[in-house]
Amino acid sequence: MGSPSLVWFRDDLRLTDHPALRAALDRGEPIIGLYVLDDESDGVRPLGGAAKWWLHHSLASLAERLGERGSTLVLRRGRASDVVPAVVDETGAGAVFWNRRYGGAEREIDRGIKERLRDDDVTVASFAANLLFEPWTVRTGADKPYGVYSPFRRAVEKMPAPRAPLPEARKIPGPSSRPDSDDLDAWALLPTTPDWAGGLRETWEPGEPAALARLREFLDDDLGDYAFSRDAFAGGATSNLSPRLRWGEISPYQIWHATLEHRGSGKHAESATGFLSEIIWREFAWHVLFHSPDLATVNWRRQYDDFPWPRLNHAHLEKWQRGETGIAVVDAGMKQLWHTGVMHNRVRMVTASFLTKNLLIDWRLGEQWFWDCLVDADAASNPFNWQWVAGSGADAAPYFRVFNPETQREKFDPHDEYVRRWAPEHLDGGAPEPMVDLKQTRQRALDAYDRVRHGG
């Protein structure tokens, strides 16, 4: 028996359309799966609480599926730059395969590991698996990265079509003896004191099988209505695939091609086009992060460094976090977030606009709260979308766009279905008084943004 192959799983917790796993299978030697929980390396952002909950269950699912097919998943915690070479030494692995990551710190870590292992005559290869288009391949005519979505979308639509998904790995030869592995429960990813994850358990079933089932359900039952009802706060036409993509339980290639197969004509075609545009928006966010690795902490538009944020009002921030603002849609959204780990996309924009513009609280504080509460928080989309709403980001909403929560409620929750589900106190007289006047605070925000635009 030759030297085993090590497949390093990261944000790709699946067995279908997994190029790194396919390369290991093609090598023809025993395969060891590895997952490294790295919350120690410089620049790697520690996971939020909801993300940890999802990771625990997704890893449990992946380990079970690998075991059913003959292999194993080794869990280790620590700096990846130390852990991966150590596992190679312990197992005598002759090859290491992984799918690429795109954050700045992660790329540096991967580059260092690749160089170290190759110096030791270990075969190392990385693959494109989690984005449809590699960030360095989409450039403007001036050979610069795109900063506006529409021309970015037109550019990728002219590129070669995304490759077809790879088939599921149904038989994976494992090593003769299982390497030492951490116990998943010992990582303490699940909340216990208190256990606040009841709503997450009610809402989600992490893992690749559930991801594939949801994609089929969405395409069969909901796609036709997507273009016409996705903005309805209480509507059921949203895909609910965002956490599946974030954890790589399903790939964008699978979603892309399955959607095209269901495209059809009429409203299905229009809905498919709208849905795929959201996949391209996700790509755009990751491309922006690739070129601006500090997206979660630094204004993409640097002129916003001079924005006159007032001294933080901690009471206002806490009321926003708890959904006790007195504004119905904002309160409903924040309570949905806490219970389910997600929030309707348009409500995310409303709640973010309320924080940054009506309350004049720095977008970074809202981004941090979402990072901790969202099961689908990823390093690109979360800060990218917060900066978009705040006006400081790529292709940002105009500074004067302040989402009026009451207008949004009238348009997208006209029968109060969403508010009744998540903030019924606003319908029975038990809600607190609005914490701010929407009209006055909108004007205050516009005045502040004008000072930035005109240099003081």
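1. Start with strand β4, residues 95-99, which is mostly covered in this predicted model. Five of its five residues count as buried. A95, F97 and N99 point one way from the strand, while V96 and W98 point the other way. Both sets are buried, N99 included.

2. Who sits beside β4? On the β1 side (residues 5-9), four bridges join the two strands, and they run parallel. If you want a landmark for this pairing, look for V7, which stands opposite F97 in β4.

3. Then there's β5, residues 123-127. Five bridges join β4 to β5, again with the strands running parallel.

4. Now over to the helices. α7 covers residues 208-229 and α9 covers residues 252-261. The two pack at an angle of about 30 degrees, with their axes 11 Å apart. Angles under 35 degrees count as roughly parallel, and α7 and α9 are therefore roughly parallel to each other. As for handedness, α7 passes α9 in a right-handed crossing.

5. Which residues make the α7 contact with α9? From α7 you get L212, L215, L219 and L223, and these meet Q254, I255, A258 and T259 in α9. By type, the contact residues split into six nonpolar and two polar, with no charged ones.

How values were computed. Residues are numbered from 1 along each chain as its sequence is written. This is a predicted model: local features need pLDDT of at least 70, side-chain atom pairs count only at pLDDT 80 or more; totals for chains, interfaces and linings use all residues. Side-chain values use heavy atoms; hydrogens and water are left out. Axes are lines fitted to C-alpha atoms, for helices over the stretch in contact, and angles run from 0 to 180 degrees between N-to-C directions. Angles under 35 degrees count as roughly parallel, over 145 as roughly antiparallel, 65 to 115 as roughly perpendicular and the rest as oblique. A crossing is left-handed if the near helix is turned anticlockwise from the far one by less than a right angle, and right-handed if clockwise. Contact means heavy atoms within 4.5 Å. Ala, Val, Leu, Ile, Met, Phe, Trp, Tyr, Cys and Pro count as nonpolar, Asp, Glu, Lys and Arg as charged, and the others, Gly among them, as polar. Buried means under 20% relative accessible area, exposed over 50%, partly exposed in between (1.4 Å probe, protein chains only). Two strands pair if DSSP finds at least two bridges between them.
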